[in-house]
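User: I've got this model open and want a quick tour. Can you walk me through what's there?

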Amino acid sequence: MPAHTTSGYVPDQVYDQVLARFARRFSAAVGTGAPLFTTDTRDLFQTYLAAFPELNRQHHNCSRCAKFIDRFGGLVMIASDGATRSPIWTADDAPTLYQPAFTAVASVVQRAQVTGVFLSPDPVWGTPVAGSWTHLSVTPDPSMLFNKTSILTAGQVMAEKREDYTTVCRALAEFTSAHLDQALKLLKTDSLYRSEKVTGPVQWLRDLHAAHRTAPKNRKGNVVWLAVATAPPGFCHPRSSMAGTLLEDIAAGKDFDEVSRRFAAKMHPLHYQRPQAAPTAGNIAQGEKVIAAMGAERSLLRRFARLDEIETVWSPKQASAKPQSTSGVFAHLTPKGKPDAADMDIPTITMTWEKFQRTVLPSTEAIEIFAPSAKGNYGAMLTAVDPAAPPILQWDVAEQRNPVSWYVWVGGSTPEQFSLAPGTWHMLSAISLTPSMWYGGKFAHQGKGLMLVIADARETRQSGLALFPEFLKAELHGIRATIEAYSAKGQLDGITDGTACGLLLTSGGTWNTLVRVTVAGQATSYQLDRWD
């Protein structure tokens, strides 16, 4: 609040320093999205007020400042080792009059127990100005704000995070580091079907288990809170997921054959996170409410993507023409030079994608792919009919729109289904990573994959809308049966314009994909056998 020069009051310029310092400290500490946490502090404003000399106390007795301090003053950040710190309360660089109050509040906050994740949709925390008075407040970075378009309120999501904390703590107690190590061994050696879908959650729990074990006793809970606040969708429910199924089988002492069989059955593309029955009337009604609340009716409309709409890691290089003289009496003569070397017949080179991308791709001018007669993992990339419709995919966010998804057919597809002649070579028009890997790859739990986009490939069958539950945002999980039924009955637009079709390769399993690469006018064949 403003200050006066009367005895007992604080000069305006001193209070202005406090306000500026609050904003600067908060911005520097939190940055662009560091999570904040609530604590069990109580009556924090009274601690703040009592630290002032009695002469100045009444001047700082402000209801709006009290509301700010009691709601936001107890918030903390958590370091990787579980240590907490306040983003605003420290006596460093504070005006002399305020140092005791800041120190007192900081001491209380430092001793407090973390009670939850803090979320707020408000663009300003506190009331900066009311009438002619100024008050304590901070302005968070927009990336920190809770999304108001969510079907849940900030309070409801905070309640869910508290449940997640309990669930994760239970999993940490139930599964040992030995169980997690064994699970990772099976997953990382591709011993289990579609293991890439589960590796991320198990690795996350293993890392958390190690951090929790080594953290000081009074910080163990904080380590879990930090993990819960930053976890990818679905990671905080290990006991009710495929990760939990695998860990329970390992903990029960089942042999490899039984573990592998049970895992494969549940990870089948037609079963994994896919409803096995038609939606109930109640689920359909709930689906209507959820989609209406999100404003996402048009988000469900999908079409085939074009080549120019996808992110690529490689595209053919334009051949550079040899410079020729266009004038002069001798322009038509061919200069003496060394004859071109014969294109040596080099055996096919077997290589991982990681090495191929690093060593071969940068200088590659053109790539052809051999389409065998057998079925392959052919598929297509899809996008939104209405690019302005609200995001429904996990990797599609307001700050970086990316409504592109992909699909392949269970059991594979023939080359003919994608307009390709079997037993022949076909030119690639691009190589693209799967959309969840675009723009920094923050969705590693979706696994790693790439599509070899074939220039002449076009889908000839309708696949439905391919709105798979594992791709959708968490708030749609409860109505996945309704979305599954809607997706199955829907039709994709633009099938003849879908130029982003080709062969999908994922990090799990072996590939044996034959490609012919042209570098400096000479061709070499490579067999891509796996990701890395």
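Analyst: The protein has 14 helices and 18 strands. Keep in mind that this is a predicted model.

User: What does the C-alpha trace span along its principal axes?

Analyst: About 100 × 75 × 45 Å.

User: How much of the protein is buried?

Analyst: Buried residues account for 45% of the 532 residues.

User: And the contacts? What share join residues at least 24 apart?

Analyst: Take contacts between residues at least 6 apart in sequence: 78% of them join residues at least 24 apart.

User: OK, helices. How do α8 and α9 cross?

Analyst: Helix α8 covers residues 196-214 and helix α9 covers residues 220-230. Their axes come within 8 Å and cross at roughly 155°. An angle over 145 degrees counts as roughly antiparallel, so α8 is roughly antiparallel to α9.

User: Left-handed or right-handed?

Analyst: The crossing of α8 and α9 is right-handed.

User: Which residues meet there?

Analyst: From α8 you have Trp204, Leu208, Ala211, His212, Arg213 and Thr214. On the α9 side they meet Lys220, Val223, Val224 and Ala227. By class, that contact holds 6 nonpolar, 2 polar and 2 charged residues.

User: Now α10. What angle does α8 make with α10?

Analyst: Roughly 65°, with the axes of α8 and α10 (residues 242-251) coming within 9 Å. That angle makes α8 roughly perpendicular to α10. This crossing is right-handed.

User: Who's in that contact, and how do its residues divide by class?

Analyst: Val198, Pro201, Val202 and Leu205 of α8 meet Met242, Ala243 and Leu247 of α10. The contact has 7 nonpolar residues, no polar ones and no charged ones.

User: What does β1 do with β4?

Analyst: Strand β1 (residues 36-39) is joined to β4 by 4 bridges, and the two run antiparallel. Within that pairing, Thr38 stands opposite Gly116 in β4.

User: Back to helices. Which residues of α4 are buried?

Analyst: Cys65, Ala66, Phe68, Ile69 and Phe72. Helix α4 spans residues 63-72.

User: What covers them?

Analyst: Among the elements covering the buried residues of α4 are helices α1 (12-30) and α2 (44-50). Strands β4, β5 (125-126) and β8 (137-138) are also included.

User: How far is Lys67 from Leu44?

Analyst: Their C-alpha atoms are 9.8 Å apart in space. In sequence, Lys67 and Leu44 are 23 residues apart.

User: Last one, Ser373. Where does Ser373 lie?

Analyst: In the loop between β11 (366-371) and β12 (378-384). With a relative accessible area of 56%, Ser373 is exposed.

User: What does Ser373 touch?

Analyst: Pro415, Pro422 and Gly423, leaving out residues up to four places away in sequence.

User: And how far is Ser373 from Ala293?

Analyst: Their C-alpha atoms are separated by 48 Å. Along the chain, Ser373 and Ala293 are 80 residues apart.

Methods:
Residues numbered from 1 in each chain as written. Predicted model: local features only at pLDDT ≥ 70, side-chain atom pairs only at ≥ 80, totals over all residues. Heavy atoms only, no water. Axes fitted to C-alpha atoms, helices over the stretch in contact; angles between N-to-C directions. Parallel < 35°, antiparallel > 145°, perpendicular 65-115°, else oblique. Left-handed = near helix turned anticlockwise from the far one by under 90°. Contact = heavy atoms within 4.5 Å. Nonpolar A, V, L, I, M, F, W, Y, C, P; charged D, E, K, R; others polar. Pairing = 2+ DSSP bridges. Buried < 20%, exposed > 50% of the residue type's maximum accessible area, 1.4 Å probe, protein only.
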